[in-house]
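I opened this model to look up its aromatic contacts and one of its pockets. The entries below record what I looked up, in order.

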Amino acid sequence: SKLSLATLASLPKSVGTPSYERQDLRAGIVHFGVGNFHRAHQAVYLDDLFNAGLGLDWALVGAGVLPSDEAMRSVLAAQDNLTTVVEQDADVSSARITGAMIDYLKPGDAESIVSKLADPAIRIASLTITEGGYFIDPASGTFNPAHPDIAADGAAPDKPRTVFGLLVAGLKRRRAEGIPPFTVMSCDNIPHNGVVTKNAVVGLAQISDPELAAWIAAEVAFPNGMVDRITPATGAREKTIAKEEFGIDDQWPVFCESFKQWVLEDNFPAGRPPLEKVGVQFVPDVSPYEHMKIRILNGGHAVIAYPAGLMDIHFVHEAMENELVAAFLRKIETEEIIPIVPPVPDTDLADYFALIERRFANPKIGDTVRRLCLDGSNRQPKFILPSTADRLKQGLPVPGLALESALWCRYCYGTTESGKTIEPNDPSWDRLQKAAKTAREDPMAWLAMEDIFGEVGRSEVFRKAFATALDALWKDGTEAVLRRYLAGDL
Ligand code: NAD
């Protein structure tokens, strides 16, 4: 029978279910971007907390702005907002049902979302809206108030359509009603995600109401956080496994690895759930952790993504089984990325990377190379180019990082080494493909995407290394070029 509160008791005994009663939960958090990652991470930590009988007034209310969110909202509504989370490691798999979300507002329904945000019971608004959701100008890394969606919300603050417009409207109503503001907590993979979110909220408020903007800047907390748990998208494979291996009829289960990590700055003036009881690390400064995670893990994902994509490799663990790809990852991490990551408290970076190699190689999780290749235009400037820029500033060579950029360019040409078409895999695919085609003859056409490459694209050292790598990729192919790089001959 279909997953619901009424059928929980009839699930196989091996499936974990909430030990709390739904009616004992009270809403405390509005979350924007109820995607797979949120359901595998924040919602799981909260479910752990509620299972321990703690923080029952911190339940989640889902929210979103994209019409495409309606698909998940209606699936979840039909199953009482319960979610199956399957944790998979090489040797163990387990399934549990989480129940931390008690409502999911209609996507884009500004009035109901703003009313909920103005509810004094809501003390946190959290976000997983992807790297591309923050209206950041990639090259400068700063908020872009001229973006048409932001300009529209700035011009009509009472009819907000972006997440930031909704947050500003919610904060404005709270201020007018004398209710203390909620804390805004980003859980996206963005360096200094709290600062970035603050710049977006304050920057948008500035357009219509500078006084409100000043109040937000002074009164609202935006803690930075580092989040980690590899969470692939859900497909037919996952639904079948949920049903056949675990006996759960869930229309949108989430699969993930068993590893999870969350490091947060303890800056929640409106209060917070006692997440330290369920493994969240609270630290005074999250930057060393996010620096490590974004550059070594997310950067590492980007490193394996494009050569694997070009060689028609489907799953991430298959990429790790390919000795060239695995060796490429190891060499670039140990020679170019890790040496410039500043030390992290209580962490050995070599151990951290060794664990990542094992996590990427996990054969059960079913993460796809295509998911890692997605959205390079938003991800490269956050995951790869900062390492490149730092090395160039220190006068250090960048042959591996330049090759990574060239592999991304070669991928955006839109065909794999065997000649298969690569379907569009970036919001800016048309632009990228056009540039990649021109770059086949003129590599500098790729680096001319100033908004992506910024100063890195102007560096003579980088331009030379990039052109060499891209020319070699076109002349000899991905495999041969990886071999040359591994032999120290690029
Ligand atoms: P997903 O596709 O399952 O969900 C994405 C969510 O973001 C959806 O709810 C969507 O509506 C929302 N969204 C997308 N663009 C938006 C926009 N412009 N404005 C508002 N909302 C928008 O993806 P996911 O796997 O849940 O990943 C989401 C984000 O979570 C990632 O981009 C990353 O920052 C973070 N994250 C993911 C993982 C992972 O392994 N999947 C790991 C760590 C962090």
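**Conventions.** I worked from a predicted model, in which local features need pLDDT of at least 70, side-chain atom pairs count only at pLDDT 80 or more, and totals for chains, interfaces and linings use all residues. Residues are numbered from 1 along each chain as its sequence is written, and side-chain values use heavy atoms, with hydrogens and water left out.

**Aromatic pairs.** I paired rings of Phe, Tyr and Trp (its six-membered ring) if their centres lie within 6.5 Å, with planes under 30 degrees apart counted as stacked, over 60 as edge-to-face and the rest as tilted. I noted Tyr306 and Tyr411 as edge-to-face, because their ring centres are 5.1 Å apart and their planes stand at 65 degrees. Tyr306 belongs to helix H10 (residues 287-310) and Tyr411 to helix H17 (residues 399-412), so this pair ties together parts 105 residues apart in sequence. Helices here are DSSP runs (H or I, at least four residues), numbered from the N terminus. I found both Tyr306 and Tyr411 buried, that is, under 20% relative accessible area, where exposed is over 50% and partly exposed is in between (1.4 Å probe, protein chains only).

I then looked up Trp408 and Trp446, an edge-to-face pair at 4.9 Å centre to centre with 75 degrees between the planes. Trp408 lies in helix H17 and Trp446 in helix H19 (residues 444-447), so the pair ties together parts 38 residues apart in sequence. Both Trp408 and Trp446 are buried. I recorded one aromatic cluster formed by Trp408, Trp446, Phe453, Phe462 and Phe466.

**Charges over rings.** My criterion was NZ of Lys or CZ of Arg within 6 Å of the ring centre and within 35 degrees of the ring normal. Lys331 lies over the face of Tyr485, at 5.2 Å from the ring centre. Lys437 lies over the face of Tyr413, at 5.5 Å from the ring centre.

**Pocket.** A pocket, on a 1 Å grid over the protein atoms alone, is an open set of points where a 1.4 Å probe fits, with protein on both sides within 12 Å along at least five of seven lines; lining residues have an atom within 4 Å of a point. I found 28 residues lining the second largest pocket, of which Gly141, Pro191, Pro381, Lys382 and Pro386 lie nearest its centre.

**Exposed proline.** Pro148 lies in helix H5 (residues 148-155). I noted Pro148 as exposed because its relative accessibility is 58%. The C-alpha atoms of Pro148 and Pro191 are separated by 24 Å.

Methods
Helix = DSSP H or I, 4+ residues; strand = E, 2+ residues; numbered from the N terminus.
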